[in-house]
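Subject: Structure handover

Dear colleague,

Below are the sequence and structure I said I would pass on.

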Amino acid sequence: MADFQFELLRYTRKKVRGYSGTVGPFGEVTIESEWRKGSIKTAHRQQEVRLLGEQMPEVVYRTIGPGRPMLRNARLLIEGELARLTFNSKAFRNKARALRIDCGERSYEYVVTRLAKGATLSRPGIEISFTRGKNAQGKWGCQGTVSGEADALDLALAIVFEDVDTMELTTTGHATEAIHRFLNPRSNEPIA
């Protein structure tokens, strides 16, 4: 599918929150973020971000700990297969801290362009950019722009990360993390 734009709007229901909207020719898509009961190995609950859509692959992002889903202690499953997630936690610029996602034969780069306001997922020949904020009607959500021949997997990955805390991929996030480590040296777990 060639270039197009779409919008996902934020919603909250009881224990579930997320985004939903129509993604061009791929139809209705919903991201659900829900708390799951913790495992025996951890005292924390698990948070699961799941992508739902008839024309989308099954994508599940799981993380352990309080707050929004983060990059730390995370697992990304695509159609039941584990994808590899890496980023340079010591870099200073957002582009150098980009998240690398390897799944099968594909390799993606996810770059946060502005703190909590936008991000871009890309691989050769495609780019999916998001900006977050209120739309013209005053509803909170995110607007997506697709460039290139993106398929359902490309869109699914970009959309799932809209409900993940990616502050660690920013320069500001790096500085905040350094201060937090200094003030609370034992509270942080190693970053992958």
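Buried here means under 20% relative accessible area, exposed means over 50%, and partly exposed is in between (1.4 Å probe, protein chains only). Helices (H or I, at least four residues) and strands (E, at least two) are DSSP runs, numbered from the N terminus. The model is a predicted one: local features need pLDDT of at least 70, side-chain atom pairs count only at pLDDT 80 or more, and totals for chains, interfaces and linings use all residues. Residues are numbered from 1 along each chain as its sequence is written, and side-chain values use heavy atoms, with hydrogens and water left out.

Overall layout

The chain has 12 strands and 2 helices, in the order β-β-β-β-β-β-β-β-β-β-β-β-α-α along the sequence. Of its 192 residues, 45% are buried. Taking contact as heavy atoms within 4.5 Å, residues 24 or more positions apart account for 41% of the contacts with a separation of 6 or more. The chain exposes about 10,500 Å², of which carbon and sulfur atoms supply 53%; accessible areas come from the Shrake-Rupley method with a 1.4 Å probe, and for residues only the protein chains shown count as cover.

Helix H1 (residues 152-160) is largely enclosed by the rest of the structure, because 9 of its 9 residues are buried. Among them are Asp154, Leu155 and Ile159. Asp151 caps the N-terminal end of H1, with a side-chain oxygen 3.2 Å from the backbone nitrogen of Leu153.

A nonpolar core is a set of buried Ala, Val, Leu, Ile, Met, Phe, Trp, Tyr and Cys residues joined through side-chain atoms within 4.5 Å. The largest such core has 44 residues, and Leu76, Ile101, Leu155, Ile159 and Phe161 touch the most other members. H1 gives the largest share of this core, 8 residues. Leaving aside neighbours within four places in sequence, Leu76 is in contact with residues including Val59, Tyr61, Ile101, Leu157 and Phe161.

Salt bridges

A salt bridge is a side-chain nitrogen of Lys or Arg within 4 Å of a carboxyl oxygen of Asp or Glu. By this rule the count is 12. In one of these, Arg17 pairs with Asp163, the closest N and O atoms being 3.0 Å apart. This pair links distant parts of the chain, 146 residues apart: Arg17 is in strand E2 (residues 16-22) and Asp163 is in the loop between H1 and H2. Arg17 counts as buried at 18% relative accessibility, and Asp163 is buried at 1%.

Glu48 is in strand E4 (residues 46-52) and is buried, with a relative accessible area of 6%. Glu48 forms a salt bridge with Arg50 at 2.9 Å between the closest N and O atoms. Arg50, partly exposed at 22%, also meets Glu58 in a salt bridge (3.5 Å, N to O). Glu58 is partly exposed at 42%. Salt bridges that share partners join Glu48, Arg50, Glu58 and Arg62 into one network.

Surface patch

Ile179, Phe182 and Leu183 form a nonpolar patch on the surface, with about 390 Å² of accessible area together. Patches are made of residues with over 30% relative accessible area and no salt bridge; like charges are joined within 9 Å and nonpolar side chains (Val, Leu, Ile, Met, Phe, Trp, Tyr) within 5 Å. Leu183 is in helix H2 (residues 171-183) and counts as exposed, at 57% relative accessibility.

Regards

Conventions: A polar contact is a pair of N or O atoms within 3.5 Å; within protein, one must be able to donate a hydrogen and the other to accept it, and residues adjacent in sequence count only if both atoms are side-chain atoms.
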